[in-house]
Amino acid sequence: MKRSQREAAARGSTHLSRLSLPAVRSNGSFEGSDILAEAGAVPAILLCQVYRGVMAWALTPAAEHAGLFPPGAAAETRRLMREAPLPEELRPALETVCGLFDDPAGTDPRVVAEACVRIGEWAERKGDAPATALCFAQVAASCMPNDAPMAYRAGYTARRQATWDLAELWFRHSSTVSRRTRDWRSHATSYLALGNNFYYQGRYAQARREHLKALRVSKRHGLRELQAKAYHDLLAIAVVTNDAESADALAQRAFRAYGPHHENVPTLAHDIALFWHAAGQYARALRVFQALLPHFSQPERRLMLLGSIGREAGECGARETFAEVWQEVWHLAPTLQGVSGLSPTMVQLAQGALRLEEWTFAERAARYALQVAKSRGEADAVAAAEELLDMIESRSVVATTPWTPYSGNRGDAEFLADELVSTLESAAANL
């Protein structure tokens, strides 16, 4: 972009903002054909026509909107609406688009964008129309090129579908727009989203860089909750990159920044307990995992927490705790056959049983994990279960070695554990 263009962009030129929008991509032969591929899930011809018409309008300068659509565009769309098996919840949004086709020069872009958001959310809720959801998230953001939250929404939809490069483009657009409009909350949030986009790809150095940017922005503008989230995300990176000393400090900073009453504290406590497990602080991790049980009532999340408790109980020789967890896991397992956390939970349970030298229990859990993992194509869980079965067969228990020596201040860590457990127990009393 030339200097004159950059200066115009800094002044908020809508036309130049449109030029800088991320490229909208189609995997088909023409733009919007991805929607047609989902014809079994959505009224595809209608939605494809609507999408293409709105995108053409969004990417056309406002001065050229008059006469953009042929006179019969709205009537043709309404005909398709009458003939298509159309869910009633879509009709108000599609009527808004018909109004756009009738009067392209006089229609408010935000009204059109919000109609597209509603269509995209409907497609996302269906669960079998990801291309339609992404198309309408992108066209909504294209209607409002100076709206950072709209761009963030498009990036978030792309990230949920693991379309990493497209998500990155939209998050960067959100960051650019929010900086220009001095929307510092959106600016910090965009950096956090970018960081997580890299994190999910295993690109930890890039993730850390973006989270540090989010931390600086949130500190500079007094956004305490976003500071906490930045510390929390940096903690996750420190753990997976074996940076124990940084993780220890970040855990405490994240908890202080959230404060004891924030809704994210249980999730943070879980992540801190995972860090302590990795650092070989099993008793400390077990205390926190147990205090989390009242906060994890949703069956899938509870199942995974129980797996962590079972593993930790094995490391600590806590046979009674292991027995309690064993019973609840096998009670939940038949109802959760289709979830991704079942085989990892059974692997953890087998690990706990192995540490206790409960060979029969260990074999049962490992074989169940192997069966489920094979049926779901979960290669990591298959490998872990097979390794456990080899150990069970040879009756060998490998000495556990933490990924790095724990060099933090044990007194501070124990004090943090006390605070976390106290906070979680107090909050549980009010659930």
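## Report on a predicted model

The crossing of helices α18 and α19 is left-handed. This description concerns a predicted model. Helix α18 spans residues 319–332 and helix α19 spans residues 342–355; their axes come within 11 Å and cross at roughly 155°. Since an angle over 145 degrees counts as roughly antiparallel, α18 is therefore roughly antiparallel to α19. On the α18 side, the contact is made by F322, V325, W326, V329 and W330, and on the α19 side by T345, M346, L349, G352 and A353. By residue class, this contact of α18 with α19 comprises 8 nonpolar and 2 polar residues, with no charged ones.

Individual positions elsewhere in the chain may now be considered, beginning with a helical one. H211 is found in helix α12, which covers residues 204–220. Its relative accessibility is 0%, and H211 therefore counts as buried. When neighbours within four places in sequence are left aside, H211 is in contact with Y191, L192, G195, N196, A230, D233, L234 and I237.

Two loop positions follow. F296 lies in the loop between α16 (282–292) and α17 (299–316). With a relative accessible area of 4%, F296 is buried. Apart from neighbours within four places in sequence, the residues in contact with F296 are P266, H270, R301, R302 and L305. F296 and Q227 stand 69 residues apart in sequence, and their C-alpha atoms are 25 Å apart in space.

G72 lies in the loop between α4 (44–58) and α5 (73–83). At 41% relative accessibility, G72 counts as partly exposed. A separation of 8.6 Å is found between the C-alpha atoms of G72 and D102, which are 30 residues apart along the chain.

The cysteines form the last topic. A disulfide is a covalent bond between the sulfur atoms of two cysteines. In this model the count comes to 0 disulfides. C48 is in no disulfide, and the nearest cysteine sulfur, that of C135, is 8.1 Å away. A pair of sulfur atoms must lie within 2.5 Å to count as a disulfide. C48 counts as buried at 6% relative accessibility, whereas C316 is partly exposed, with a relative accessible area of 33%.

The accessibility values are collected below.

| Residue | Relative accessibility | Class |
|---|---|---|
| H211 | 0% | buried |
| F296 | 4% | buried |
| C48 | 6% | buried |
| C316 | 33% | partly exposed |
| G72 | 41% | partly exposed |

Note on methods:
Residues are numbered from 1 along each chain as its sequence is written. This is a predicted model: local features need pLDDT of at least 70, side-chain atom pairs count only at pLDDT 80 or more; totals for chains, interfaces and linings use all residues. Side-chain values use heavy atoms; hydrogens and water are left out. Helices (H or I, at least four residues) and strands (E, at least two) are DSSP runs, numbered from the N terminus. Buried means under 20% relative accessible area, exposed over 50%, partly exposed in between (1.4 Å probe, protein chains only). Axes are lines fitted to C-alpha atoms, for helices over the stretch in contact, and angles run from 0 to 180 degrees between N-to-C directions. Angles under 35 degrees count as roughly parallel, over 145 as roughly antiparallel, 65 to 115 as roughly perpendicular and the rest as oblique. A crossing is left-handed if the near helix is turned anticlockwise from the far one by less than a right angle, and right-handed if clockwise. Contact means heavy atoms within 4.5 Å. Ala, Val, Leu, Ile, Met, Phe, Trp, Tyr, Cys and Pro count as nonpolar, Asp, Glu, Lys and Arg as charged, and the others, Gly among them, as polar.
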